[in-house]
Amino acid sequence: QSTWGGAAQLAVVSREANYYKDRADAVQNIEVAINDVAVIFEEFTGLLAEQRDMVLRIDSNVEDALINVEDAQSQIARYYQSISSNRGLMLKMFLVIVFFVVIFLTFVV
């Protein structure tokens with residue numbers, strides 16, 4: 001009976017050893033997975049930093065474009081005002097020339 005008891009005890013010890021080995025392998029697999037996730041997060045952090053710089057540059061470029069558009073709008077408004085005032089001046093000059101032509105034709109011819 002002691003052989004039977006020794007074999008049973010050896011089987012229990014072997015099962016427990018296999019159980020603990022499986023548990024150790026599972027913990028090691030979890031540790032590897034956690035390390036992989038940590039590497040992924042580090043890469044993600046790097047990508048986020050790059051994207052942040054790009055977003056800041058885009059934001060700066062948009063602000064510059066807005067300033068340029070506002071400047072262009074004011075330049076166009078000034079040009080339009082200049083053209084409008086020149087139109088009146090040209091009309092006055094045309095009327096003065098017509099007046100002199102009429103006087104010239106009336107008195108000289």
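Reply: Start with helices: these are DSSP runs (H or I) of at least four residues, and strands are E runs of at least two, numbered from the N terminus. The model is predicted, so local features need pLDDT of at least 70 and side-chain atom pairs count only at pLDDT 80 or more, while totals for chains, interfaces and linings use all residues. Residues are numbered from 1 along each chain as its sequence is written, and side-chain values use heavy atoms, without hydrogens and water.

Me: What makes aspartate 25 and lysine 21 a salt bridge?

Reply: A salt bridge needs a side-chain nitrogen of Lys or Arg within 4 Å of a carboxyl oxygen of Asp or Glu. In this pair the closest N and O atoms are 3.3 Å apart, so the pair qualifies. Both residues lie in helix α1, 4 residues apart, about one turn of the helix. The whole structure holds 1 salt bridge.

Me: Why is lysine 21 called partly exposed?

Reply: Buried means under 20% relative accessible area, exposed over 50%, and partly exposed in between (1.4 Å probe, protein chains only). Lysine 21 has 48%, so partly exposed is the word. Aspartate 25, with 30%, is also partly exposed.

Me: Why is the aromatic pair of tyrosine 19 and tyrosine 20 called edge-to-face?

Reply: Rings of Phe, Tyr and Trp (its six-membered ring) pair if their centres lie within 6.5 Å; planes under 30 degrees apart count as stacked, over 60 as edge-to-face and the rest as tilted. The two tyrosine rings are 5.5 Å apart, centre to centre, with 65° between the planes, so the pair is edge-to-face.
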